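Student: Please take a close look at a single part of this chain, and build up to it from the whole.

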Amino acid sequence: MRITWITDDKSAPSLVEYGTSPGRYTSVAQGESTSYDYMLYSSGTIHHTVIGPLEHGTVYFYRCGGDGEEFQLKTPPAQFPITFAVAGDLGQTGWTKSTLEHIDQCKYDVHLLPGDLMLIIAREGGHFGGSRQPLASARPWMVTEGNHEKEYIPFIKDGFQSYNARWKMPYEESGSSSNLYYSFEVSGIHLIMLGSYTDYDEYSDQYRWLKADLSKVDRKKTPWLVVLFHVPWYNSNKAHQGEGDQMMAAMEPLLYAASVDLVFAGHVHAYERSKRVNNGRSDRCGAVHITIGDGGNGEGLAHKYKNPQPEWSEFREASFGHG
């Protein structure tokens, strides 16, 4: 498990002490730290420390930096059943507060976020971290980037400087060359997190990585194959129409050939679930696509849908929530 936290003290150690009893830390892990500047904003020191190996389905108590508050986390189970919470497009709103409170009432093991998690970090100095800390300190949050993670200062800043500094995902461990796409396995499920905002055509690094990653999936070990990215491929909402078409054209054949089960996306601030679908029509060998960009960001709901409802669309509703 990678623990990430932020301090104002630049000399604070990237140290995590942990154990299976409150206040008794039998193990210590040393990590790394980074920081970044964005226009007039300077981040604190961002610490990333990997602890483990850890036992499955076990509660660990830990503290960061050698002192301060004790947190606890529970690792996912070794095998089924496992429960995921899924919510995209979070914000600094009462709607998101309600979404997170409802998720907190669920007995879930891993939180999956298909993009748009930093709507306020660059603008408000990282205060969103405080609102998510009770949840993110207790369960793993596995994320991929959305359009609101991208900085728009041409030729000056790396496009995902803030995101890459704050959300270090296990891309190197999965053979990826970029933090914007990676995979991981948990409890019989192989999960692939793709990047809607980095190159994805057949000549791109992401395409080659995806093809190689899919070829290594062992369905006896991980019978479920799930994919997340930000911009939906199947979307009958009038918002963001067609924005996923090029990525879909390039990558859907790979997902179809690999028999992907479920695809989650965000971006559209509403809910939609497809039938099993491929190449724009129902296909019993295709994946179920779920748009769940309804976490509650301040831009509001996407109320308008195209009519008639497409044949592949099973259910759609413009309301805030989570899965």
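Tutor: Start with the contacts, meaning heavy atoms within 4.5 Å. Among contacts in the protein between residues at least 6 apart in sequence, 69% join residues at least 24 apart. This is a predicted model, in which local features need pLDDT of at least 70, side-chain atom pairs count only at pLDDT 80 or more, and totals for chains, interfaces and linings use all residues. Residues are numbered from 1 along each chain as its sequence is written, and side-chain values use heavy atoms, with hydrogens and water left out.

Now the whole protein. It has six helices and 20 strands. Both are DSSP runs numbered from the N terminus: helices are H or I with at least four residues, strands are E with at least two. Of the 323 residues, 54% are buried. Buried means under 20% relative accessible area, exposed means over 50%, and partly exposed lies in between (1.4 Å probe, protein chains only).

Next, the end of the chain. UniProt, in an unreviewed entry, places "domain: Purple acid phosphatase C-terminal" at residues 287–323. Its positions follow the numbering used here, feature names are shortened, and annotations may be inferred rather than shown by experiment. This stretch is 0% helix and 30% strand. Its end C-alpha atoms are 17 Å apart.

Zoom in on one loop there. It runs between β19 (287–292) and β20 (313–317), and glycine 298 sits in it. Is glycine 298 buried or exposed? Glycine 298 is exposed, because its relative accessible area is 58%. What does glycine 298 touch, apart from neighbours within four places in sequence? The partners are Thr93 and Trp95. Aspartate 89 is 209 residues away from glycine 298 along the chain. Yet their C-alpha atoms are separated by 9.4 Å.

Proline 308 lies in the loop between β19 and β20 too. Look at the bond before it. The peptide bond joining asparagine 307 and proline 308 is cis, with omega about 0 degrees. Most peptide bonds are trans.

For comparison, look elsewhere. Glycine 52 and proline 53 are also joined by a cis bond, with omega near 10 degrees. Proline 53 is in the loop between β7 (45–50) and β8 (59–64). Residues 1–74 carry the UniProt feature "domain: Purple acid phosphatase N-terminal", again from an unreviewed entry. That stretch is 0% helix and 53% strand. Its end C-alpha atoms are 10 Å apart.
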